[in-house]
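Here is my note on the model you sent. Please read it with the structure open.

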Amino acid sequence: MTFRNLTILGICCILGIVTCVGVTTLLSAQDEKEPSETAAKADKKKPGKDPGKDKEAEVAEKEPEEAPGNPFPKRFPAPGLDGGKDWLNTSGEISLKELRGKVVLLDFWTYCCINCMHVLPDLAFLEKKYPNELVVIGVHSAKFDNEKDTDNIKGAILRYEIKHPVVNDASMTIWRKFQVHSWPTLVLIDPEGNYCGFVAGEGNREVLETVIDRLITYHKAKKTLDSSPVHFNLESQKAGKSAQTPLRFPGKILADEAGKRLFISDSNHNRIVVADLEGKVLDVIGSGNIGNKEGTYAEARFDHPQGMDLQGNLLYVADTENHTIRAVDLEKKQVKTIAGTGKQDRMRSQGGKPLQTDISSPWDLKKIENSLYIAMAGPHQIWVLDDESIRPYAGSGREDILNGLLPESALAQPSGITTDGKNLYVVDSEGSAVRKISLEAGGEVTTLVGTSDLPQGRCLFEFGDTDGKGDKARLQHPLGIAYRDGKLYVADTYNHKIKIVDIEKQTAKTYLGTGKSGAKNDPIEFSEPAGLAFAGEKLYIADTNNHLIRVVDLKSNKVSTLELKGLATPKLSDTDTLVGEPEPREVKAQSVSSGEHLQFDVSLQIPKGFHINPLLDPKFRLTAEGEQTLVAKDQLNQGEEFKADQGKVAFKVPLASKTGTGKFKLTVSYQICKDGKGAVCVPKMISWIIPVTVKEAAEQKSIELSIE
């Protein structure tokens, strides 16, 4: 979703003008706006402006004598965040009042939107750069009906690994308060709770970084900035071990009938799983760590890969969030990049040499002879890759459902591609349509089912769950498609169904699924399925939100779940470090009696009115300072969780020898939340340096530590 009018209100300071207020309009190619007349109505008033509060807004605290100039001198109180249905990635509703002292960035998004996904790395960058000064809050204002469901949003938060609070703005109440018109839109609020401005669209990291820097500098000088750390209870923490599934949000699946193999994009584990048709795991391609790295299967790194295609011993992979195309040599077991630079194309490129051309969110692939056709979701186009170049093949780049000649037509986030050898067939997820694309020079793009050629982008909002012919049929954000015997099998993702599209008759009919999200085999349920593949008389389905592969017997139409034998969650590099670790405290030498374990008893500091976060157990890490033989190396430098009882904790570390000496550093981290809802929590951490002697005659049984 990109935009015709990208408006920045009051963010003139990015141009070095710190006293101006107004509207700067940047022009782009297109936009997808929320269609509701009420929500999209242009209002002459500023968001949240109450004439009765004008006087209050004008009364500002006296500026410090040597403070830098206020980047937003004519700011006014921001509207509240009340009106949402549910809050996620936190344990309760959050108000702007609670966040006074923080720079707040509101991200208005909807999880179907590819451009909203492109904003997430920018938000993660800003959150990492300003961990104690900035709080990001996602305001999920849904486009599709399926996206209004809190559980579905929770799944999207886990899938996209979002680490900030999100409010389900199902009725678009907050959207209207802030007069938002399009996805994504980012709204900036200063540490005093004042509205500063907004920027719409993707690619605004540098703008936001510049503005946030100036806000922090100004409010630090004014002493209105709170730099103490805060924490929110994330859905990933609440899920705990239940999130450790062998597959994690598998996006696509490819069946090699001749080779009796399945290739599964284990998207959130950043790897490709290779199994036989009965589910026995044969190989795993990729280490599981996020990255963009070539090499052996164990060395290679992907970033949320999606579609694949197979030609001989070469497996082609759409490495979606690396914005690259990878080729896997299945014989040599090597991975290499064959297109893309690893940098996202934001300029709607006209193509060029494969390894010198930026691309954007490739989602699916289909190799035909010497050409690899790519469903390029980011620029809403089909691209083609050969030995000499990579370039657009169909679609002008405008996000819409428009029929016509290849370069003049419009697509809307193509996310699945297949072929009958004469034409390409594509699911346009944002337009909820199935398209037919000619492979002949001078060919055309037409629409088989779903609407097309409606004025003012209305096709993007014509969705539903209706079997029928041509433009009478309705789908809801389909992501997967596969061809078989004159018919197209479509993963109608947000309807939780598999549908069959008859190419000649141009009809769509429900084949499997009740329309309700679930994982039952009888009645048959799916949860946002996204990938399909045939092998013999079986249809394999990547049942994405269920983290499963489902198998359909085409003769009986019965559904079973494929057991992947020998597949475990990947063992990732130890990136779970205790960041922000304070200077350790020196503890006098401890002499403890020998035994099986070295025991620690710790008293944590719990201020009045607070409690330990019940959703996140405290964690300790023990490391050795120099050489020692008391504790085995495999017991060191591990982030081990433990239980806390009213601030009193005890934990043990196995001893490798019954006597000896050693010097250790112990780090304990935990979180405290305010009594009540406790939506905002504060992380705490302390370290000690402890010389230890273990001997048989010592009277001391454990090492006692306290936080004063």
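This is a predicted model: local features need pLDDT of at least 70, side-chain atom pairs count only at pLDDT 80 or more; totals for chains, interfaces and linings use all residues.

The points below go from the whole chain to single elements.

1. The chain has 708 residues, and 56% of them count as buried. Its secondary structure comes to seven helices and 47 strands. Among contacts with a separation of 6 or more, 62% are between residues 24 or more positions apart. The accessible surface is about 30700 Å², with 47% of that area belonging to carbon and sulfur atoms.

2. Is C113 buried or exposed? C113 is buried, because its relative accessible area is 0% and the cut-off for burial is under 20%. C459 also counts as buried, at 0% relative accessibility.

3. Helix α3. This helix covers residues 114-129, which makes 16 residues. From first C-alpha to last, α3 reaches 24 Å. That is close to the 22 Å expected at 1.5 Å a residue. Its buried residues are I114, N115, C116, M117, H118, V119, L120, D122, L123 and L126. What covers them? The cover includes the strands β5 (103-109), β6 (134-140), β8 (185-189) and β19 (362-368), as well as helix α6 (205-222).

4. H219. This histidine sits in helix α6, which is itself part of the cover over α3. H219 is buried because its relative accessible area is 0%, and burial needs a value under 20%. Which residues does H219 touch, leaving aside those up to four places away in sequence? They are D190, P191, E192, T224 and L225. H219 and V103 are 116 residues apart in sequence, yet their C-alpha atoms are 9.4 Å apart in space.

5. The four-strand sheet. β10, β11, β12 and β13 form an open, antiparallel sheet in the order β10-β11-β12-β13. Why is one side of β10 and one side of β13 left without a neighbour in the sheet? β10 (253-256) and β13 (281-285) stand at the edges, and each has a single partner strand, so one side of each has no neighbour there. From one strand to the next, the twist averages 15°. Within this sheet, β11 (residues 261-266) and β12 (residues 271-276) run antiparallel and are joined by six bridges. F263 stands opposite V274 in β12. In a regular strand the side chains alternate between the two faces of the sheet.

6. The five-strand sheet. Here the order is β14-β18-β17-β16-β15; the sheet is open and its pairing antiparallel. The edge strands are β14 (295-296) and β15 (308-311). Each has a single partner strand, so one side of each is left without a neighbour in the sheet. β17 (residues 324-329) pairs with β18 (residues 334-339) in the antiparallel sense, over five bridges. D329 stands opposite Q334 in β18.

7. Strand β24 (residues 414-419) is mostly covered, with six of its six residues buried. Its antiparallel pairing with β25 (residues 423-428) runs over five bridges. P414 has D428 in β25 as its bridge partner. Three residues lie between the strands of this hairpin. Which residue of the hairpin takes a positive phi near 95°? G421 does.

How values were computed. Residues are numbered from 1 along each chain as its sequence is written. Side-chain values use heavy atoms; hydrogens and water are left out. Helices (H or I, at least four residues) and strands (E, at least two) are DSSP runs, numbered from the N terminus. The expected span of a helix is 1.5 Å times one less than its number of residues. Buried means under 20% relative accessible area, exposed over 50%, partly exposed in between (1.4 Å probe, protein chains only). Contact means heavy atoms within 4.5 Å. Two strands pair if DSSP finds at least two bridges between them. Axes are lines fitted to C-alpha atoms, for helices over the stretch in contact, and angles run from 0 to 180 degrees between N-to-C directions. Accessible areas come from the Shrake-Rupley method with a 1.4 Å probe; for residues, only the protein chains shown count as cover.
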